[in-house]
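Biologist: Thanks for sitting down with me over this one. Could you walk me through how its helices fit together?

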Amino acid sequence: RARDRNPTNATASSSAAAAAGPSATPTRRGGSQGGEAQQSATPPATTTAGRKKGGTKRTKQAMPKSSNKKKTFRYKPGTVALREIRHFQKTTKLLIPAASFIREVRSVTQIFAPPDVTRWTAEALMAIQEAAEDFLVGLFSDAML
């Protein structure tokens, strides 16, 4: 059981609070010395508006500022896309990988063509791929109106 430090000035309410155990908020006891010692140990109470301001200041100060870490460089949105457009307009190579396109053409051929059509020449596959890519580029450019 907790004992009061100043038994001469203790009231019934403070002894009941002391018997219940320590609380989150400090209670003032009678007497000038006990109150002053307790007040200097704990910060003075502030208003609600002051607490809100103090809380934001503390959180900003609590977060460490890492000044030695360099910020990673990022281009503005759209800059890299425009660079890629210029790059792909200059190149003449096909955009879709040839092996996967040929595999897809053969699978579509097996589904729709008669069973005796199973062979393709390399020139025919390249012509189909160029036509398909040209169609897709036109479709995408029309979609961005």
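Modeller: Happy to, and please keep in mind that this is a predicted model. Let me begin with a surface: on one side of α6, E123, D134, F135 and D142 are exposed.

Biologist: Which residues of α6 are buried?

Modeller: Exposed residues, among them E123 and D142, are on the other side of α6. Seen down the axis of α6, the buried residues fall within an arc of 65°, so they line one face of the helix. Those buried residues are L125, Q129 and E133.

Biologist: What covers the buried residues of α6?

Modeller: Contact here calls for heavy atoms within 4.5 Å. By that test, the cover of the buried residues of α6 includes α5.

Biologist: How far does α6 reach from its first C-alpha to its last?

Modeller: The helix has 22 residues, and at 1.5 Å a residue the expected value is 32 Å. The model comes close to that expectation, with a reach of 32 Å.

Biologist: And α5, how far apart are its end C-alpha atoms?

Modeller: Helix α5 takes in residues 98–112, which is 15 residues. At 1.5 Å a residue these should span 21 Å, and the model agrees: the end C-alpha atoms are apart by 21 Å.

Biologist: At what angle do α5 and α6 pack?

Modeller: Two packed helices are described by the angle between their axes and the distance between the axes. The axes are 11 Å apart, and the angle is about 100°. That makes α5, relative to α6, roughly perpendicular.

Biologist: Which residues make the contact, and how many of them are nonpolar?

Modeller: From α5 come A98, F101, I102, V105 and R106, while α6 supplies L125, I128, Q129 and A132. Sorted by class, the contact has one polar and one charged residue, and the nonpolar ones number seven.

Biologist: Is V105 buried or exposed, and which residues is V105 in contact with?

Modeller: V105 is found in helix α5. Its relative accessibility is 12%, so with buried meaning under 20%, V105 counts as buried. Leaving aside neighbours within four places in sequence, V105 is in contact with W120, L125 and I128.

Biologist: What about T109: which residues is T109 in contact with?

Modeller: T109 is found in helix α5 too. T109 is buried, with a relative accessible area of 9%. Beyond its neighbours within four places in sequence, T109 is in contact with V117 and W120.

Biologist: Stepping back, what share of the 145 residues in the chain is buried?

Modeller: The secondary structure comes to six helices and zero strands. Among contacts with a separation of 6 or more, residues 24 or more positions apart account for 43%. As for burial, the share of the 145 residues is 7%.

Technical notes:
Residues are numbered from 1 along each chain as its sequence is written. This is a predicted model: local features need pLDDT of at least 70, side-chain atom pairs count only at pLDDT 80 or more; totals for chains, interfaces and linings use all residues. Side-chain values use heavy atoms; hydrogens and water are left out. Helices (H or I, at least four residues) and strands (E, at least two) are DSSP runs, numbered from the N terminus. The expected span of a helix is 1.5 Å times one less than its number of residues. Axes are lines fitted to C-alpha atoms, for helices over the stretch in contact, and angles run from 0 to 180 degrees between N-to-C directions. Angles under 35 degrees count as roughly parallel, over 145 as roughly antiparallel, 65 to 115 as roughly perpendicular and the rest as oblique. Ala, Val, Leu, Ile, Met, Phe, Trp, Tyr, Cys and Pro count as nonpolar, Asp, Glu, Lys and Arg as charged, and the others, Gly among them, as polar. Buried means under 20% relative accessible area, exposed over 50%, partly exposed in between (1.4 Å probe, protein chains only). The arc is that of the directions from the helix axis to the C-beta atoms.
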